[in-house]
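Subject: Structure for you to look at

Hello,

Here is the structure I said I would pass on. Please open it before you read the notes below.

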Amino acid sequence: SEGVRGEGVCAARRPEPPKGWGANHIFTHDDDVGTVALAAASAAGLRAGNRVTLGAPRDWEYFKFVFRSSLFGIVTLVDHLYGVHLQVSNIFTMAMREQLSKDTPLRRFLVPFTYGTIAINDAARVTLVTPDSWVPRAYPFDEEGLQLAWANAYRHLPGGVELKVELTERAFLQTIFDRKAYIDIRIESGVDTQYYKQALEYWVILRAFVKGTFDVYYPTAADQQRFVEDAETEHFLLQAMGGIQATSDVLVIGDESLPHAWESFRVAEKYTMVINAITRFIDVVTTGHEQVGKVQAYAQDASFASFSWAASLRPRWAGGTGEGVLAAPKEVATGQALIMALTSTPMPDLVAAAGGEQDWSKIFWAADGEQRAQLDEVYVQFQDRLRAFSAKCQEVNEDALAAFESGQQNVAGKPLVNFGLWSHDPQYLETSVSI
């Protein structure tokens with residue numbers, strides 16, 4: 001079975017009449033008839049234990065609409081607005097601007113990945129986050145419910161936050177920014193998907209670029225010690241880790257007796273944590289934003305997904321009329337259209353040929369011509385690897401389409417529906433967040 005967790009956000013208060021969001025969605029199969037079982041109370045009128053079968057077409061269409069809309073709403077609020085914009089991109093950019101001098105190698109390196117972020121996040125705050133702005137008006141919460149949804153957002157962030165209850169504080173601090181360690185844990189637990197395969201390959205390419213660049217600046221153990229113990233570097237990382245909600249209550253400063261105190265980590269461990277933190281930041285603002293933020297196509301059709309909908313659309317057995325067009329009300333559809341009108345702000349392309357007009361590595365600091373040549377070599381290798389990875393991503397998508405068109409069947413003898421995956425393909429990625 002497969003599931004989508006949403007009970008913490010979906011339980012937030014709604015104005016009367018309630019207008020939507022399902023809760024936990026658990027997909028199962030019963031012989032040859034596809035069924036859906038809900039594991040938690042749902043504001044959509046579907047209660048724990050309810051099963052919706054393909055034998056009831058209107059009910060099935062209603063549930064699919066509820067599922068798409070709930071997932072669309074939760075991802076937009078939790079993963080996109082809160083996780084990418086308000087947390088990672090915002091906090092790392094603030095730490096960079098407040099703690100790093102303008103000509104340090106670290107700040108110059110971060111410039112392409114923070115480009116436009118202050119203006120973008122300010123626009124998101126004004127139009128999408130503040131009370132009575134467009135998202136609050138379209139979502140199915142009253143003012144108190146919206147605050148509860150924001151408060152619960154942290155618990156639903158994927159990507160390592162959930163490991164906080166499984167690992168020691170020291171191990172958690174070393175793992176939260178290490179994407180490979182997290183993906184290895186997911187794969188070992190049985191979640192071995194094409195998404196995680198591509199996420200891992202992209203991480204390896206990205207981390208090699210980050211580490212290769214800083215190894216040019218700090219090639220020896222003594223250089224690396226000087227880097228991680230530099231006051232600006234320490235203040236940058238500690239401000240970022242102190243601002244990220246996942247690590248803010250775990251990080252300890254000044255008490256070497258505790259195993260998770262910053263001072264207790266060895267120099268090599270600190271250097272690795274800095275490299276991983278920088279890499280994870282870039283990972284989130286590039287492919288992470290592509291995965292959860294590029295939702296314009298979903299919002300364009302209010303009958304495909306809606307931030308909220310009328311309670312009367314529920315099936316009769318769930319307290320509704322079982323009638324009406326499965327779509328957003330006019331005011332919600334208009335709100336979604338206005339929100340999407342803000343999107344697609346162009347940012348620099350991640351794939352940019354060395355020496356070309358779009359080459360963003362030219363801003364990197366270099367002490368002399370020899371160091372510039374070394375940095376250029378690392379950048380060229382990075383771009384070559386991105387293009388090779390992009391070709392692999394395109395091949396995966398072509399194979400998926402060919403399998404569907406050829407009529408291949410899955411292990412259950414049903415038509416194989418294997419959709420493509422574009423969120424990690426470097427040709428579509430940008431260096432920094434947009435709306």
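H2 supplies the largest share of the lining of the largest cavity, 3 residues. Helices (H or I, at least four residues) and strands (E, at least two) are DSSP runs, numbered from the N terminus. A cavity is a set of points, on a 1 Å grid over the protein atoms alone, where a 1.4 Å probe fits but cannot get out; a pocket is an open set with protein on both sides within 12 Å along at least five of seven lines, and lining residues have an atom within 4 Å of a point. The largest cavity holds about 90 Å³ of space, and its lining includes Thr76, His80, Leu81 and Ile435. H2 and helix H15 (330-341) are the elements that give two or more residues to that lining. There are 3 cavities of 30 Å³ or more.

The model is predicted: local features need pLDDT of at least 70, side-chain atom pairs count only at pLDDT 80 or more, and totals for chains, interfaces and linings use all residues. Residues are numbered from 1 along each chain as its sequence is written, and side-chain values use heavy atoms, with hydrogens and water left out.

The second largest pocket has about 200 Å³ of space. A volume here is the space filled by probe spheres set on the points, with grid points joined across faces, edges and corners. Of the 14 residues that line this pocket, Thr104, Pro105, Tyr218, Arg226 and Phe227 lie nearest its centre.

The chain has 16 helices and 4 strands. Of its 435 residues, 50% count as buried (under 20% relative accessible area; exposed is over 50%, partly exposed in between, with a 1.4 Å probe and protein chains only).

Which residues touch the most other members of the largest nonpolar core? They are Phe109, Phe209 and Phe214, in a core of 98 residues. Helix H2 (residues 57-99) gives the most to this core, 12 residues. A nonpolar core is a set of buried Ala, Val, Leu, Ile, Met, Phe, Trp, Tyr and Cys residues joined through side-chain atoms within 4.5 Å. Beyond four places in sequence, phenylalanine 214 is in contact (heavy atoms within 4.5 Å) with Leu106, Phe109, Phe227, Tyr271, Ile275 and Ile278.

The whole structure has 28 aromatic pairs. Rings of Phe, Tyr and Trp (its six-membered ring) pair if their centres lie within 6.5 Å; planes under 30 degrees apart count as stacked, over 60 as edge-to-face and the rest as tilted. Tyrosine 139 and phenylalanine 141 make a tilted pair, 6.3 Å centre to centre with 55° between the planes. Phenylalanine 209 and phenylalanine 382 make a stacked pair, at 4.1 Å and 10°. This second pair links distant parts of the chain, since phenylalanine 209 is in helix H9 (residues 194-217) and phenylalanine 382 in helix H16 (residues 369-405), 173 residues apart. Phenylalanine 209 and phenylalanine 382 are both buried.

Two single residues remain. Aspartate 132 has a positive phi of about 70° although it is not a glycine. Aspartate 132 sits in the loop between helix H4 (117-129) and helix H5 (134-138), and is exposed, at 59% relative accessible area. Threonine 286, in helix H13 (residues 267-293), is buried, at 2% relative accessibility. Leaving out residues up to four places away in sequence, threonine 286 touches Tyr202, Leu350, Leu429, Glu430 and Thr431.

Regards
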